Amino acid sequence: MLSVELHTHSSLSYDGRDPVELILEQAEAVGLDAIAVTDHDEIDASLEAVERAPDYGLIGIPGMEISSKAGHVLGLGLEEAVPPGLSFESTLEAIHEQDGLAVIPHPFQESRHGVMARVSREELAQGDAIEVYNSRLFTGRANRQAERYARSRELPMTAGSDAHISEMVGQAVTRVDADERTAAAILEAIADGRTTVEGKRTPWRISVRQFAGGVTRRLSHVFKLFR
């Protein structure tokens, strides 16, 4: 079983903080086997992480967190960026056109762009896997809803720390029963449902730091857009 972190953000995300190097260092330090950097609507840092991951004894999985019209979708195994602003269905199609895997993160956390605010339960089932444990939780209710839904539809389940700072990498891990130590084998195993999930809540002090830093970076991002 491989320990895989499928949901992290680098400084390339408008609300992320740390460069790829620090993310990979943390992944190595906590004993992960593989990691995906999944920046908001950006893929360059993820591709850099894939290239540099072997230097840290890691498997790099390329991906990004795409802002569809319905909410966030993780695209894993991508070679090129999927544009934001597409419909939920078109976003999934764009991921699949690259033979990628569409994982729906925090679907029931509507305040964090979970898709269930805008898609039906039938449409949600079009995803290849459901993130059923996200470390950035308040009560855990949304995670429990996601797990119940995935089980009811017999959909593959994943976990992710949703780390926006390097210290939180590895808070939530997907254990993957892959046939080989490769990104392709990991994604195939996830699609087949050969996963278990485990994780723990992001500490409140870290959540506050992430939120405060994210607000500052969002304001800076908006300011740059209107300069």
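## Strands, a helix and a threonine

E6 and E7 run parallel and are joined by four bridges. Before going further, please keep in mind that this is a predicted model. One of the pairs to look up is Glu-131, whose bridge partner in E7 is Thr-158.

Now zoom out to the sheet. Nine strands make up an open sheet with mixed pairing, in the order E7-E6-E5-E4-E3-E2-E1-E8-E9. E7 and strand E9 (195-199) stand at the edges with a single partner strand each, so one side of each has no neighbour in the sheet. On average, neighbouring strands of this sheet are turned by 30° against each other, direction ignored.

What lies across E6 and E7? Helix H5 does, running at about 150° to E6. H5 spans residues 141-153, which is 13 residues, and reaches 19 Å from its first C-alpha to its last, close to the 18 Å expected at 1.5 Å a residue. Its buried residues are Ala-142, Asn-143, Gln-145, Ala-146, Tyr-149 and Ala-150. They cover an arc of only 160° around the axis, which puts them on the same side of H5. On the face of H5 turned away from the buried side are the exposed residues Arg-141, Arg-148, Arg-151 and Ser-152. After H5 comes Glu-154, with a positive phi near 55°.

| Element | Residues |
|---|---|
| Helix H4 | 121-124 |
| Strand E6 | 129-134 |
| Strand E7 | 157-160 |

E7 therefore has a place in two parts of this picture: it stands at an edge of the sheet, and the buried residues of H5 pack against it.

Our last stop is Thr-91, found in helix H3 (residues 88-97). Is Thr-91 buried or exposed? Thr-91 is buried, with a relative accessible area of 0%. Which backbone oxygen does the side chain of Thr-91 reach? That of Ser-87, at 2.8 Å. Leaving aside residues up to four places away in sequence, Thr-91 touches Ile-66, Ser-68, Val-73 and Leu-86.

Definitions and conventions. Residues are numbered from 1 along each chain as its sequence is written. This is a predicted model: local features need pLDDT of at least 70, side-chain atom pairs count only at pLDDT 80 or more; totals for chains, interfaces and linings use all residues. Side-chain values use heavy atoms; hydrogens and water are left out. The expected span of a helix is 1.5 Å times one less than its number of residues. Buried means under 20% relative accessible area, exposed over 50%, partly exposed in between (1.4 Å probe, protein chains only). The arc is that of the directions from the helix axis to the C-beta atoms. Contact means heavy atoms within 4.5 Å. A polar contact is a pair of N or O atoms within 3.5 Å; within protein, one must be able to donate a hydrogen and the other to accept it, and residues adjacent in sequence count only if both atoms are side-chain atoms. Two strands pair if DSSP finds at least two bridges between them. Axes are lines fitted to C-alpha atoms, for helices over the stretch in contact, and angles run from 0 to 180 degrees between N-to-C directions.
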